[in-house]
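Please look over the model below before reading the points.

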Amino acid sequence: MTETVAGSELYPPKRPLFGRAVLRRAAIPFLLTLLTLAICASVVIGPSDVTFPDVLALLDASLRGDPAGDGLRNAVIVYDIRLPRTLLGCLVGAGLAVSGAMMQGLFRNPLADPGLIGVSSGAALAAVAAIVLAGSFSLVIPSSLRPHLLPVAAFAGGLLTTILLYAVATRSAQTSITAMLLAGIALGALSGAFTGFMIFRSTDDQLRDFTFWSMGSLGGATWREVIAILPFIALLFAALPFVGNGLNALLLGETDAYHLGFDPQRLKRWIIVLTAAATGSAVAAAGAIGFVGIVVPHMLRMAIGPDHRLLLPACALLGAALLVGADILSRTIVAPAELPIGIVTAIIGAPVFLSILLRRRAVFDF
Amino acid sequence: MLVARNLHYSAGGRQLLADISLEIRPGELTVIVGPNGAGKSTLFSCLTGERKPRSGTVTLNGRDLRRFSAPELAALRAVMAQSALLSFPFTVQEVVELGLARAGTNSARSRLIAEEALHRVDLAGYGSRSYQTLSGGERQRVQLARVLCQVWRPVAGGGPRYLFLDEPTSSLDIRHQFDVLEIAADFAKRGGAAIAILHDLAIARTYADKLIVLENGRLHSSGEPAITLKADMLKQVFRLSDAHLARMAASISAPDHSSAVATARL
Ligand SMILES: Nc1ncnc2c1ncn2[C@@H]1O[C@H](COP(=O)(O)OP(=O)(O)OP(=O)(O)O)[C@@H](O)[C@H]1O
Ligand SMILES: [Mg+2]
């Protein structure tokens, strides 16, 4: 048979270095290695002089059960500062990347990202409001529940924002991405203003500054933050095996997904709740970190294709690795000071975002 | 058997289907014809469970359609919609394998079935192409391969399965139009029920075991194609004039006009 495939002369197919099948098989092992390296680097690198041999010595000592002397100081730095910070980076990065990929599948658009459409800023507003209100009603809330207040409030804020956006952008079962992005800009500006106002008015020293809520930071991470967001992110991970096939089918449209045996409405509800939970808790712990949810799924889709059964776990691994890497940069570039991590992710992310637009202007056309 | 009784459906303040009763039998290829806007796709969506009729009942293999869950329905019937969209760059193979997403088929077997289905629609070797680079007709055939995968065996679990095709030939060249109808007829011959919406009356007449004519949301007539396709019906339902009919008759005398041959006996 002669090759008369439509368009093949005009656009000779790019021959990638590796076929998609090879990349798909290599993806998880490769990303696991990458994440392990990032975690090791993050535990080893920092302003204090605890180096790789020190960490090894510390591990050796802990395994034998007798850290002492110099080891004690190192143990505090590694176990109480660097390790929680690294783990928080993993959880937040994985949560943001997976949420991004899920939302993009749900809205069938590579630009639908919780950060971009205002879900993160809605969550940030709710978190700030919760802190301020909790300050005023501190007697009402039992102290044992306080650590959970922030993630739960941010989750509720994220959920409300998503539902509001969805309602604004959806007319007769069609979701307009243009309407959603525009509504997201408006909501983002509004909640940014309210957040700023509350921070300005509040004298509560518990309230972190505006930069934290608008650009994010992993600085000051403790085990408490890690434990507070763990259940939300774990819920998201637990759902991965159940939503992959459904999201794939949903890429054909809601009607076809139904014909293939999926319930698009139920899937939609679940994804909205799961992504709001993950995004909200991530914002509560680390502020609104942008672009992770766009960059990671986009890069992976180019390499391994849009099959969500593989894409979602791959996003979790790469998102974690990326955020841990960005955090290393944010605390080394201007050391001993720290950059907000959102600056680093924006520098990586904004060009990717623009390149999506350049290639696929059609993403705005429906 | 798929049985609809006294279906009524309205949307947007308009009655789109009025009092439709019909039976779709396994072993037959049923073809639905009618002018644009007659309600053919709407009828399909009521028969496939996608929309709930305002009144009336649909039963599938003796059980009320409303009592099926989405996965149960998917195991029993596949639907090829009038238009398909796809927003991310799946390969052809991945699109076709979506037909097996709910079946729990293992991946090696999925691959085999998908390849076989692609072969059936004359797209063997297209598996690794990106769906978005295909031509319109090629895409339509990929969608057909996908729904074929979903109901790969026309009879399963002791019951017949149903293949719904909404204008499956609208973008196809004449050869592939015949291929598609042959696939549907073969599905019926092996014990399944095939239901297709078509605009080409000549092809409908050639392949249909039973023809259903819709007009303005109502059932105009149904039965054997040779009996249903009469000049009176064409005039009334499709608003053809005597001049149109004369031209159709004239085109038949040109013996090399393949599609018109079957119209000869209208
Ligand atoms: N949600 C709706 N609200 C109002 N009118 C509708 C709605 N859905 C469909 N219609 C109308 O119902 C009629 C039947 O539509 P349907 O899609 O079933 O036609 P059809 O017979 O499949 O036509 P075609 O041959 O063009 O595919 C059309 O006039 C259409 O405009
Ligand atoms: Mg139609």
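Which helix of chain A is the place of Leu240(A)?

1. Leu240(A) sits in helix α8 of chain A, residues 223-250. Helices here are DSSP runs of H or I with at least four residues, strands are runs of E with at least two, and both are numbered from the N terminus. The model is predicted, so local features need pLDDT of at least 70 and side-chain atom pairs pLDDT 80 or more, while totals for chains, interfaces and linings use all residues. Residues count from 1 along each chain as its sequence is written, chains are lettered from A and ligands numbered from 1 in the order in which they are written, and side-chain values use heavy atoms, without hydrogens and water.

2. Leu240(A) is buried, with a relative accessible area of 12%. Buried means under 20%, exposed over 50%, and partly exposed in between (1.4 Å probe, protein chains only). Its C-alpha atom is separated by 20 Å from that of Leu323(A), 83 residues apart along the chain.

3. An unreviewed UniProt entry lists transmembrane regions in chain A, including residues 148-169 and 339-358. Such annotations may be inferred rather than shown by experiment. Residues 148-169 of chain A are 100% helix and 0% strand, with end C-alpha atoms 32 Å apart. Residues 339-358 of chain A are 90% helix and 0% strand, and there the ends lie 29 Å apart.

4. Turn to chain B. Ligand 1 is surrounded by 15 residues, each with a heavy atom within 4 Å of it. Among the closest are Gly37(B), Lys40(B) and Thr42(B). By class, the shell has four nonpolar, eight polar and three charged residues. Helix α1(B) gives the most, with three residues.

5. A backbone N or O atom of Gly37(B) lies 2.9 Å from one. A backbone N or O atom of Gly39(B) is also 2.9 Å from an oxygen atom of the ligand. For Ser41(B), a polar side-chain atom lies 2.7 Å from a ligand oxygen. Taken alone, ligand 1 exposes 640 Å², and the protein buries 66% of that.

6. Which residues coordinate the magnesium ion, ligand 2? They are Ser41(B), through OG, and Gln82(B), through OE1, at 2.0 to 2.3 Å. Ser41(B) is in helix α1 and Gln82(B) in the loop between β6 and α3 of chain B, so the pair ties together parts 41 residues apart in sequence. Ser41(B) is partly exposed, at 28% relative accessibility. Gln82(B) is partly exposed too, at 40%.

Key: A polar contact is a pair of N or O atoms within 3.5 Å; within protein, one must be able to donate a hydrogen and the other to accept it, and residues adjacent in sequence count only if both atoms are side-chain atoms. Accessible areas come from the Shrake-Rupley method with a 1.4 Å probe; for residues, only the protein chains shown count as cover. Ala, Val, Leu, Ile, Met, Phe, Trp, Tyr, Cys and Pro count as nonpolar, Asp, Glu, Lys and Arg as charged, and the others, Gly among them, as polar. Donors are N, O and S atoms within 2.8 Å of the metal (3.2 Å for Na, K and Ca); water is not among the atoms, so sites may look incomplete.
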